[in-house]
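Here is a short report for a first look. Keep the sequence and the 3D view at hand while reading.

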Amino acid sequence: MRFPIAVSFPVIAFACVAAAGCSAGGAASQAAGAPLKVEVSQMFITVRNDAGVPLTDVTVGIVPPTRTTVYTKFFGRLENSEARDVMLGDFSGRDGTPFSLRVVKPKLVEVKGTGVDGKIYSVSVPWK
């Protein structure tokens, strides 16, 4: 069966626009001047410190919709302008349960840290 050009062109155009819209990754809803930048990819979460001061006690958490178990990864220190990649397999729950995308559908990624000036920095980014 052959489709007329008038029918197939809008279908192809819609598919291209949908693919372009879905391919934007990571930090979609973050402000340009945010002190912490978070990017989510298929295997990593990248955290970048743009606060202007080194951060201590940095915790990155993957939050499911029910918030029953928050999967976290702790950094002792994150220097100014430093970026760290964390593999998704490095996250674990409070009871030691490892994070797996096969089991959990994440809702948010939360990053919290304390600057050396005593100010608390926190950011939440929706899972892509």
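Is Arg84 buried, exposed or partly exposed? Arg84 is partly exposed, with a relative accessible area of 26%. The model is a predicted one.

## Arg84 and its partner

The side chain of Arg84 meets that of Glu82 in a salt bridge, 3.2 Å from N to O. Glu82 has 23% relative accessibility and also counts as partly exposed.

The structure holds 5 salt bridges. Some of the others follow below.

## A link between distant parts

Arg67 and Glu110 form a salt bridge through their side chains, at 2.9 Å from N to O. This pair ties together distant parts of the chain, 43 residues apart. Arg67 lies in the loop between β3 and β4. Glu110 belongs to strand β6.

Arg67 is partly exposed, with a relative accessible area of 45%.

Which residues are linked in a network of salt bridges? They are Lys37, Arg48 and Asp50.

Asp50 is partly exposed, at a relative accessible area of 32%. Arg48 is partly exposed as well, at 34%.

## The nonpolar core

The largest nonpolar core has 24 residues. Which of them touch the most other members? They are Ile45, Val60, Ile62, Phe91 and Val111. The largest share comes from β3, with 4 residues.

## Val111 up close

Val111 is among the core residues that touch the most other members. What does Val111 touch, leaving aside residues up to four places away in sequence? The list includes Leu36, Val38 and Val47. Val58, Thr59 and Val60 are also on it. Tyr121, Ser122 and Val123 complete the set.

Technical notes:
Residues numbered from 1 in each chain as written. Predicted model: local features only at pLDDT ≥ 70, side-chain atom pairs only at ≥ 80, totals over all residues. Heavy atoms only, no water. Core = buried A, V, L, I, M, F, W, Y, C linked by side-chain atoms within 4.5 Å. Buried < 20%, exposed > 50% of the residue type's maximum accessible area, 1.4 Å probe, protein only. Helix = DSSP H or I, 4+ residues; strand = E, 2+ residues; numbered from the N terminus. Contact = heavy atoms within 4.5 Å. Salt bridge = Lys/Arg side-chain N within 4 Å of Asp/Glu carboxyl O.
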